[in-house]
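Me: I would like to learn how to read the features of a model like this one. Could you walk me through them, one by one?

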There are 6 protein chains.
Amino acid sequence: MGIHQYFQSLSDLENIYRCPGKFKYQEHSVAEHSFKVTQIAQFFGNVEEQAGNTVNWRGLYERALNHDYSELFIGDIKTPVKYATTELREMLSEVEESMTQNFIEREIPNEFQPIYRHLLKEGKDTTLEGKILAISDKVDLLYESFGEIRKGNPENIFVEIYSEALATIYEYRDMESVKYFLREILPDMLGEKGIRKTDLPELTAEITTKALRGE
Amino acid sequence: MGIHQYFQSLSDLENIYRCPGKFKYQEHSVAEHSFKVTQIAQFFGNVEEQAGNTVNWRGLYERALNHDYSELFIGDIKTPVKYATTELREMLSEVEESMTQNFIEREIPNEFQPIYRHLLKEGKDTTLEGKILAISDKVDLLYESFGEIRKGNPENIFVEIYSEALATIYEYRDMESVKYFLREILPDMLGEKGIRKTDLPELTAEITTKALRGE
Amino acid sequence: MGIHQYFQSLSDLENIYRCPGKFKYQEHSVAEHSFKVTQIAQFFGNVEEQAGNTVNWRGLYERALNHDYSELFIGDIKTPVKYATTELREMLSEVEESMTQNFIEREIPNEFQPIYRHLLKEGKDTTLEGKILAISDKVDLLYESFGEIRKGNPENIFVEIYSEALATIYEYRDMESVKYFLREILPDMLGEKGIRKTDLPELTAEITTKALRGE
Amino acid sequence: MGIHQYFQSLSDLENIYRCPGKFKYQEHSVAEHSFKVTQIAQFFGNVEEQAGNTVNWRGLYERALNHDYSELFIGDIKTPVKYATTELREMLSEVEESMTQNFIEREIPNEFQPIYRHLLKEGKDTTLEGKILAISDKVDLLYESFGEIRKGNPENIFVEIYSEALATIYEYRDMESVKYFLREILPDMLGEKGIRKTDLPELTAEITTKALRGE
Amino acid sequence: MGIHQYFQSLSDLENIYRCPGKFKYQEHSVAEHSFKVTQIAQFFGNVEEQAGNTVNWRGLYERALNHDYSELFIGDIKTPVKYATTELREMLSEVEESMTQNFIEREIPNEFQPIYRHLLKEGKDTTLEGKILAISDKVDLLYESFGEIRKGNPENIFVEIYSEALATIYEYRDMESVKYFLREILPDMLGEKGIRKTDLPELTAEITTKALRGE
Amino acid sequence: MGIHQYFQSLSDLENIYRCPGKFKYQEHSVAEHSFKVTQIAQFFGNVEEQAGNTVNWRGLYERALNHDYSELFIGDIKTPVKYATTELREMLSEVEESMTQNFIEREIPNEFQPIYRHLLKEGKDTTLEGKILAISDKVDLLYESFGEIRKGNPENIFVEIYSEALATIYEYRDMESVKYFLREILPDMLGEKGIRKTDLPELTAEITTKALRGE
């Protein structure tokens with residue numbers, strides 16, 4: 001019934017929490033995650049631009065800002081659920097996609113429907129902007145799990161998330177953004193007080209080595 | 001990897017909240033809902049027994065206690081999502097069912113697998129116990145939405161939940177339990193101070209009338 | 001004033017927290033604890049049955065589900081309060097018992113009063129079901145304190161609770177349920193990542209040894 | 001084992017909430033209540049002094065600051081529990097008193113024990129300071145219940161608390177403090193926007209009338 | 001000491017709440033507010049573009065995303081504090097500005113300092129993008145206060161915020177975005193169930209009339 | 001508009017949290033902090049009296065109880081903000097002071113204005129009572145940071161707060177109160193289980209040594 005519904009739905013994204021029930025030290029709403037991913041993507045866009053690459057800024061911001069809007073419909077269930085097979089995950093993805101389409105048809109006025117179909121489509125592809133989104137999403141996930149591990153949360157799920165996020169970032173290691181991240185940011189992260197008491201340094205070395213060996 | 005995982009998973013049910021982000025006055029975890037449904041079912045079992053019906057108590061408690069265990073896997077997404085079609089809902093139900101099976105195979109020791117396959121299967125059927133579960137689940141939902149409406153929560157979703165829950169209870173109006181509920185409990189509920197300022201009395205009358213007319 | 005009051009009181013049990021102010025990582029309401037104890041009792045009932053013992057299932061579920069209902073009246077003050085003597089504890093117990101009786105007389109309709117007098121009486125006795133309740137209550141307490149210790153909560157109260165709970169469970173070590181617990185579940189619990197950094201393995205060994213020596 | 005335990009116990013008073021589970025809009029810890037009561041007592045002390053009465057300031061502050069310290073031991077269970085008789089309440093009071101004595105003997109060093117026995121004894125008596133404590137405690141309770149009623153909390157318990165608190169204040173209507181309260185503060189309170197939609201104006205008039213008639 | 005500090009600071013914005021202690025129904029972190037303002041600005045940018053205006057998209061997203069980053073330093077104290085004069089507000093603004101400069105110099109690597117000086121400067125100016133930011137910020141504030149009023153929060157501060165926000169939006173009524181907002185969105189907002197029981201319709205009419213009269 | 005506003009403002013102090021977003025294990029409102037500081041000051045007053053010093057009790061309680069009331073206006077921003085210079089801190093202090101004066105003029109009735117000007121002025125000076133306030137404020141801060149460090153919070157800010165608080169207490173080491181604190185309380189604090197795993201013992205020794213050397 002119009003943009004009022006859409007504006008109001010933004011508030012609902014403040015009430016959907018990522019990995020519900022798992023974070024013990026700091027919870028993150030989908031709205032907050034989207035903000036941080038857009039900030040991170042903004043930084044990486046600047047890195048790419050300084051390195052001489054052309055960034056489609058509008059496209060980059062659009063992808064980052066809207067990439068998790070559809071979690072409004074079935075919530076955050078893409079994070080590793082142990083008992084889901086690939087097939088089950090794909091089914092969930094289809095369900096989410098269909099609900100997004102139903103939402104656009106029912107709430108967005110006709111003249112804006114093409115725009116929102118564009119804004120709410122999957123943004124991770126092989127363009128520079130698609131790749132910046134992919135790594136920014138993982139960098140935020142890395143920070144979220146890092147925050148828990150550093151504060152002593154022993155749930156193994158955060159080690160799994162950290163590992164999976166870092167391995168994915170590593171796959172993009174030819175990008176200037178990732179080079180900067182690995183050279184300047186990751187060492188500072190692992191240099192934080194108290195990290196040496198955790199398994200993160202070894203874990204990080206291990207993931208990096210595996211990646212280099214192409215495993 | 002064994003019953004330890006299962007016992008620990010019970011704590012996860014304390015962290016999954018029903019209708020996340022909607023309840024403003026009192027939130028309800030899946031563990032709490034399961035407790036209340038089992039208490040309600042226990043009461044209705046006694047009503048049926050006093051009315052001369054034979055209750056399979058073990059079966060009744062099993063159904064009530066375990067009926068939402070599988071929300072562990074994809075959380076509480078069965079509650080009315082506006083943009084889901086029946087087909088999408090069925091897909092979600094299948095996903096949940098498959099994950100439950102995966103869980104039993106991977107965590108429950110062989111000798112207990114048949115028991116947990118039995119305990120975690122859908123409990124709402126046409127037996128007396130299945131019907132008591134069906135109405136107890138709705139009575140708790142009715143109370144949950146009643147609590148919000150009574151305290152002034154203007155979200156329309158609670159009116160929808162109240163209506164849907166009451167209409168479903170009404171379908172079972174031949175049962176002794178439902179007769180008791182409609183005769184003794186519902187009037188007390190609507191007699192609470194401050195209810196007259198809400199739309200609940202009219203809404204309730206309307207739902208009842210519709211049901212009687214067979215709409 | 002009727003069953004409506006009783007149904008509504010179930011929600012109050014969602015608002016009474018165990019050991020208020022002590023749990024830092026996960027709080028547990030009385031409703032949640034009751035759910036978990038009933039689930040644990042259900043499992044131990046199946047263990048006993050597989051071992052050839054006859055379980056009165058109705059009785060078992062009744063005891064587990066209702067065993068803490070009376071905390072509604074004076075809350076959770078049975079957990080170790082340092083400055084209470086045995087005599088003071090007994091006085092508190094009497095107060096709770098009296099309030100439960102007052103509640104039944106004032107809220108439960110006459111025809112259900114005998115049933116609720118039966119349901120709300122102390123369920124821990126020397127029957128198999130009474131003993132299963134006793135250990136299930138302690139197993140949940142063990143898990144609750146384990147959760148805090150494992151996550152690094154340094155409050156000594158959780159070490160005390162863990163010790164007291166395990167020692168009590170150990171007293172019932174002739175039961176099939178406890179044998180299963182000690183043989184299959186406890187080792188998995190202590191095998192969790194990060195437990196070796198805590199004092200739990202030594203503590204557990206110590207409690208077990210003391211128990212065997214009959215101290 | 002010393003003042004360290006005592007200082008640390010102050011933090012526990014931040015974790016004990018008044019009427020647990022009842023306040024929906026704003027919760028109040030015992031530490032916060034004690035702060036507010038002492039502030040209110042400080043104001044009333046100034047009113048009395050301006051009216052020419054002599055205030056023992058040290059005594060007044062001591063009474064107000066420490067009056068609920070002993071809730072540390074059995075928590076806030078003095079607030080109206082429907083199913084408690086006068087006798088049961090007295091038993092609870094004795095239990096609390098005994099635990100306070102046990103605490104002083106075990107934690108407070110010998111040289112400070114007489115001081116803390118004095119500080120932690122019941123402060124409400126017929127002295128001016130005892131009466132200022134009595135009304136300050138009720139004024140804060142009045143504000144706490146007023147806050148809930150004003151925001152729309154329909155729980156009858158807050159109307160009961162408001163009524164009981166106001167009636168008690170009214171009993172002290174010969175005091176200058178209470179005269180000031182009834183003449184200057186209460187009308188401002190009832191003049192708050194939105195109060196006319198509640199039952200407070202009638203309720204207040206009724207309580208006042210009853211009090212004047214000596215009922 | 002580098003971008004790691006910057007990335008980590010994004011999490012701190014999840015912990016700074018707007019109008020701390022005032023929102024009773026839904027709290028909003030600065031991170032969440034920034035997300036919503038950027039979403040709203042994105043929509044209004046599309047409205048302007050459809051109306052034939054040229055939007056500098058990079059500039060628009062930069063302004064919206066970063067406009068409240070500096071709340072990291074002294075928190076959200078710009079919202080109406082009754083006892084602050086204009087002069088005091090300006091002093092606070094200067095303090096915030098200085099701390100932002102100190103932060104950039106100490107944390108942002110040299111090569112990115114010019115970029116972050118640009119990103120973190122005040123974004124509300126007379127350009128189209130500056131004006132879209134100004135109204136988007138107010139539209140979110142309007143929604144935040146609307147949410148509280150609609151749910152029954154009687155604190156007058158939300159009526160003040162609503163009025164101030166709407167009056168500011170109205171000042172920009174020559175913009176296509178504001179025309180769309182007033183014509184399509186505001187009526188839907190005021191058409192929500194339960195709004196007629198509040199003072200919002202009259203209040204809105206009054207603000208609009210005043211604005212038209214040029215008061 | 002009168003004392004009603006003042007009494008109601010006490011509740012606002014329950015909603016202002018110290019170091020917002022930093023405490024992970026236990027948050028402290030300004031109301032709670034004020035209560036604890038007054039309790040600590042009460043103890044130190046008794047220590048001074050037992051040592052033969054004369055304590056102005058009214059003055060001591062007044063200072064402790066009211067010392068942070070003015071945080072009502074700009075919240076808790078005095079705690080170490082990394083990017084604030086001394087000059088910026090002074091500006092903030094002036095802002096707070098001005099708002100306090102504006103508050104007294106607008107809310108406190110004429111006849112009580114001199115009293116509240118006296119009560120709300122800065123209480124830390126060179127009198128015995130001023131010095132007891134200064135150390136009591138720091139002792140509570142020490143306990144607050146101690147609580148986080150002990151529970152494993154790795155945020156460096158708590159080490160900084162602990163160090164700064166202890167160093168300030170040490171400056172007053174000629175006072176009887178501080179002698180008692182250093183001789184009896186601090187050793188018990190550092191003797192708590194689990195403290196040896198933290199850096200607190202070394203840190204404490206280092207601060208003490210520095211202080212003695214007059215650095």
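Reply: Happy to. Let us start with burial: a residue counts as buried under 20% relative accessible area, exposed over 50%, and partly exposed in between, with a 1.4 Å probe and protein chains only. By that rule D:Lys36 and F:Glu14 are both buried. Keep in mind that this is a predicted model, where local features need pLDDT of at least 70, side-chain atom pairs count only at pLDDT 80 or more, and totals for chains, interfaces and linings use all residues; side-chain values use heavy atoms, with hydrogens and water left out. Residues are numbered from 1 along each chain as its sequence is written, while chains are lettered from A and ligands numbered from 1 in the order in which they are written.

Me: What confidence does the predictor give?

Reply: The per-residue score, pLDDT, is the predictor's confidence in each residue, from 0 to 100. Chain A averages a pLDDT of 90, and 95% of its residues score at least 70. For the complex, the predictor gives an ipTM of 0.94 and a pTM of 0.90.

Me: Back to D:Lys36 and F:Glu14: how do their side chains meet?

Reply: Side chains of opposite charge can pair when their charged atoms come close. The rule for a salt bridge asks for a side-chain nitrogen of Lys or Arg within 4 Å of a carboxyl oxygen of Asp or Glu. D:Lys36 and F:Glu14 form such a bridge, at 3.3 Å from N to O. D:Lys36 lies in helix H2 (residues 30–50) of chain D and F:Glu14 in the loop between helix H1 (3–12) and helix H2 (30–50) of chain F, so the pair joins two chains. Helices here are DSSP runs (H or I, at least four residues), numbered from the N terminus.

Me: Where in chain D do D:Arg58 and D:Glu62 lie?

Reply: Both are in helix H3 (residues 57–66) of chain D, 4 residues apart, about one turn of the helix. D:Arg58 is partly exposed, with a relative accessible area of 24%, whereas D:Glu62 counts as buried at 10%.

Me: Which residues are linked in a network of salt bridges?

Reply: A:Glu14, E:Arg18, E:Lys36, E:Asp68, E:Asp140 and E:Glu144 are linked in one.

Me: How should I read the interface of chain E and chain A?

Reply: Begin with contact, which means heavy atoms within 4.5 Å. Here 53 residues of chain E are in contact with 53 residues of chain A. Next comes buried area, the accessible area (1.4 Å probe) that two parts lose on being put together, summed over both. Chains E and A bury about 4800 Å² between them, 59% of it on carbon and sulfur atoms. The rule finds 4 salt bridges across this interface, and one salt bridge joins A:Arg58 and E:Glu49 at 3.2 Å, N to O.

Me: Which helix gives the most to the side of chain E that touches chain A?

Reply: H2(E) gives the most, with 15 residues. By class, the residues of that side divide into 26 nonpolar, 16 polar and 11 charged. In this scheme Ala, Val, Leu, Ile, Met, Phe, Trp, Tyr, Cys and Pro count as nonpolar, Asp, Glu, Lys and Arg as charged, and the others, Gly among them, as polar.

Me: And what about chain F and chain A?

Reply: There, 7 residues of chain F are in contact with 6 residues of chain A. The buried area is about 630 Å², of which carbon and sulfur atoms give 45%. The count between them is 1 salt bridge; A:Arg150 and F:Glu155 meet in a salt bridge at 3.8 Å, N to O.

Me: Which chains are joined by no contact?

Reply: Chains A and D are one example, with their closest C-alpha atoms 18 Å apart. For chains C and E, too, no contact joins the two, and the closest C-alpha atoms lie 18 Å apart.
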